[in-house]
Amino acid sequence: PKTDIVFLKVHKSASSTVMNVLFRFGEMHNLTFAFPIGGGNQLSYPHHFFARFVQGFSPRGPQRFNILCHHMRFLQPEVEKVVSSSAVYFSILRNPVQLMESSFMYYKGASAFSRAHSLEEFLSQPYYYYNPAKRDSHYAKNLMTFDFGFNPNGEASAKRVQLMLKAIEASFDFLLISEYFDESMVLLKEILCWDLESVISFPLNIRDSSTKLPLSDTIVEKIKDWNRLDWEIYIYFNRTFWERIDRDIGRERMQREVKALRERQAELARTCLQGAGSVAPKDIKDSSLQPLQHGNAKILGYNLKQGLDKETERMCRRLVTPELQYSSALYNKQFARKPP
């Protein structure tokens, strides 16, 4: 199994669920994580990543960490200082239309969105609301482009798009697609030589559907246009995703693997969870499993079954622990104060 990994955690793209997979694998195999200094959840985002943002990094005796997966704005020469040269690089993309709608709800407090009553209103005259000079402007335009380290306000000329796609392809071994999450997990386990159990997950940091907005065709086109660079990235890597599956796995085997993954997930849900699955924040009984609520989104969580044996309870808890709590537990474990 591969244990040196760089995951570029793109915002609002099922990346918290992928991070949980990495947290569990890392914890199980006693791997080290490149944590933000002081144990936060972002590596000095929205600035470009620098090695000095990592707790325990020193340029004199650079320590290599196994897994780098917290929010960052990608800058490969700096990333290379904290991970092994054999590390596998991957990320996950989401359709920019759904991504924009999700961002609008989740980052409602961002400068570009706070004055617009609806996404439709924002898109009717975006430059009235959007100021690229504002520190949080990246949430409102070409968010994936920004996370990959590029200028979200660059023109979308054919030449520029080509250069960007080539640069991403040169840096990353593969990109997953959140709309095909189960297929993505099968591809992930294949490339990392992990077993099926390691990539099982329950969806984390997801919104209650009551806060999701239906989008008209006109709005969809406006979103694509406004996020043209993101759209080009998505279209291109959605194609290479399926090409990779056809080449390395084949559609028939992929169907079998996805079926096995879903069956095992359903089995774990029956073992671990109270009720049928995720619940509204007000219904989460254990406060340590309460996900962070943000903007106008309503983030769902889980209740664990009572009376599980110790081992099962521990396994189930890992699957449903929200990102911030899990990250902080792993940080405390990795940097446990040695008794004097």
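Residues are numbered from 1 along each chain as its sequence is written, and side-chain values use heavy atoms, with hydrogens and water left out. In this predicted model, local features need pLDDT of at least 70 and side-chain atom pairs count only at pLDDT 80 or more, while totals for chains, interfaces and linings use all residues.

**Exercise 1.** Identify the network of salt bridges to which Glu257 belongs, and classify Glu257 as buried or exposed.

*Solution.* Begin with the salt bridge between Glu257 and Arg253, whose closest N and O atoms are 3.2 Å apart. Both residues lie in helix H11, four residues apart, about one turn of the helix. In general, an α-helix has 3.6 residues a turn, so residues three or four places apart point the same way. The network links Lys189, Glu190, Arg253 and Glu257. For accessibility, buried means under 20% relative accessible area, exposed over 50%, and partly exposed in between (1.4 Å probe, protein chains only). Glu257 has 16% relative accessibility and therefore counts as buried. Arg253, at 25%, counts as partly exposed, as does Glu190 at 28%.

**Exercise 2.** Classify the accessibility of both partners in the salt bridge of Arg247 and Asp248.

*Solution.* The two side chains meet at 3.0 Å, N to O. Arg247 has 61% relative accessibility, and so counts as exposed. Asp248 has a relative accessible area of 37%, and is therefore partly exposed.

**Exercise 3.** Describe where the buried residues of helix H13 lie and what they pack against.

*Solution.* Helix H13 (residues 323–334) has 12 residues. Its buried residues are Glu323, Tyr326, Ser327, Leu330 and Tyr331. They lie on the same side of H13, because they cover an arc of only 135° around the axis; the arc is that of the directions from the helix axis to the C-beta atoms. Finally, these buried residues pack against helix H1 (15–28) and helix H12 (310–320), where contact means heavy atoms within 4.5 Å.

Key. Salt bridge = Lys/Arg side-chain N within 4 Å of Asp/Glu carboxyl O. Helix = DSSP H or I, 4+ residues; strand = E, 2+ residues; numbered from the N terminus. Expected span 1.5 Å × (residues − 1).
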